Amino acid sequence: MCLEVNIKKRIGSFKLEVEFNAENNRIGILGASGCGKSMTLKCIAGIENPDEGRIVLDGKVLFDSKEKIKLLPQKRKIGYLFQNYALFPNMTVSKNIGITKASSEKITFLISKLHLDGLEDRYPSQLSGGEQQRVALARILAYEPEMIILDEPFSALDGYLKDQLQREMLEILADYKGKVIVVSHSKSEIYRLSEQLVVMDKGKVVLCDHKKKVFNSPQFVQVARLTGYKNISKAKKVDDYCINALDWNITLKTNEKITDKVEYVGIMPNQIEALSFIQQENEINNIMKVDMVEMAQMPFHTNYIVRNMNGGMSDIWVKAGNQKEIKGILMPENHLVLLSQ
Amino acid sequence: MIDMLELLKNLNWSPLFISLKTGIVATVIAFFAGIYAARLVMKLNNKVKLLLDGIFTLPLVLPPTVAGFLLLLLFSLKRPFGNYLYTQFDIKIIQSWQGCVIAAVVIAFPLMYRNSRAAFEQIDVTLIQAGRTLGMSEFHIFWKVIMPIASPGIASGTVLAFARALGEYGATSMLAGNVLGKTRTIAVAIASETAAGNYDKAGIWVLVIITLSFFIILTINVISGKGMKYFRRW
């Protein structure tokens, strides 16, 4: 099982140049809005065509500009879950699911499996967003595609529903043997639904690896930003395990060996320890005295924005319990990530 | 009153049937031609699109007599093409019922074309893409998805085209003339009876065409209204 993508496409002044190989059955594409994720998926599904390149799915060539192969979307057997679900408004739920000429037993099976009982004769406009999504998914499953593409599957739904639907989606997809590609700009969504991650930035693939590796050692600034490293500072190597974080005006010890390529250092807000008092700052590594800039109370935690007391250039985000005041912060050595451009 | 009944009894009803026949046949032709042209224009690039759209819409904005003049230029027996049709195939368009139909088609076509194009352009492209990724053939997508969704717009185009074809006078009288029992439609009958001073006869035809048009439009509105049920109101 392998998906091989190597395509180029120009859209106005935007240049899409995507190249990745994914062996895993659950692939996630993470990227900011407008980085070309959706366009890449549309090229894979055959709805859009790349200017040049090659797309191969499990040995089947879907597109090859050199060999002049351009398989019709009808022949690719790739189900596509659209952001707006794209249900046919003139057909009832069961007609929508049955459009792929699925047997009536299969339609009945899918309707009960996706909890759509009682909605068979409704029209899409009479359904909630979550129900519409399940119908769209049922319609795709009825087609028995070799791969399913989920394009920002939860972007149109609100928080509570989102969690519930993510669980349902995982449950439904657990029985699906084919490949699934999910695209999102939300790190938690991607983390839950995929195994292998492709990180995209400005039309290019920055990193392609297992999700745990991507989140734990993002390697690149763009990847770190997308995976939740809110605090990123320009940095200069001092020695092999010591780096100068320029924006924060602090010298940090690291666990990881610093290579010459490293230009940035980063840490997640929840991995910083908030300290309410500091005794001897020079005795322990990676401690900084801070001024409070802003504090935002959230339901179950507090977001603090602090700045180095000795003149730091940029703000540092700290996520902590409901502490009254922060005098200093500790950036644990094992949580610091070293990044390059 | 007795005069009126006498008049009705002796009236030659052929204009009614000629009008209906012309209207129906012209609408059927305009229906398919309009839809085809709408699809054709949508697929084109911008410059050609503007040009072709202009040509297709022209009969709507020009006086029908201009269309009549141009059609005469084409089909007159004194002109090459008309002469060729007549001598080679024995087809005579001028002063014939076919002439009525051609004139009505030309005048009704833009309404069908513009309405169906507007209806097609409103369709969410992801529906078509979804159909393709689900393995539906283009033919299947067109008839099962696009046409039903576009049906209210297409129905209104059809109604307007039919109404226009039924009432067509200018181009018809120029191309097909005014031959009783052959090319005299209601619209032509009204004009010639009025010109001859037969106001009562003309009045009957006026009543007939008002009633006819109103009921046809009412019927089609009811039909297309049913097709609207799965669309949300706004």
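The lining of the largest cavity holds four nonpolar, four polar and one charged residue. Here Ala, Val, Leu, Ile, Met, Phe, Trp, Tyr, Cys and Pro count as nonpolar, Asp, Glu, Lys and Arg as charged, and the others, Gly among them, as polar. This is a predicted model, where local features need pLDDT of at least 70, side-chain atom pairs count only at pLDDT 80 or more, and totals for chains, interfaces and linings use all residues. Residues are numbered from 1 along each chain, chains are lettered from A in the order written, and side-chain values use heavy atoms, without hydrogens and water.

A cavity is a set of points on a 1 Å grid over the protein atoms alone where a 1.4 Å probe fits but cannot get out; lining residues have an atom within 4 Å of a point. There are three cavities of 30 Å³ or more. The largest has about 50 Å³ of space, and its lining includes B:Cys100 and B:Glu168. Helices H2 (14-43), H6 (97-121) and H8 (138-167) of chain B each give two or more residues to that lining.

The second largest cavity, at about 40 Å³, is lined by residues of chains A and B, among them A:Arg139 and B:Thr133. H5(A) gives the most, three residues.

Now the sheet. Five strands of chain A form an open, antiparallel sheet, in the order E14-E13-E12-E15-E21. Strands E14 (250-253) and E21 (337-339) of chain A are at the edges with a single partner strand each, so one side of each has no neighbour in the sheet. Strands pair if DSSP finds at least two bridges between them; helices (H or I, at least four residues) and strands (E, at least two) are DSSP runs, numbered from the N terminus.

How values were computed
1 Å grid on protein atoms, 1.4 Å probe; cavity = no way out; pocket = protein on both sides within 12 Å on 5 of 7 lines; lining within 4 Å. Points joined across faces, edges and corners; volume = space filled by probe spheres on them.
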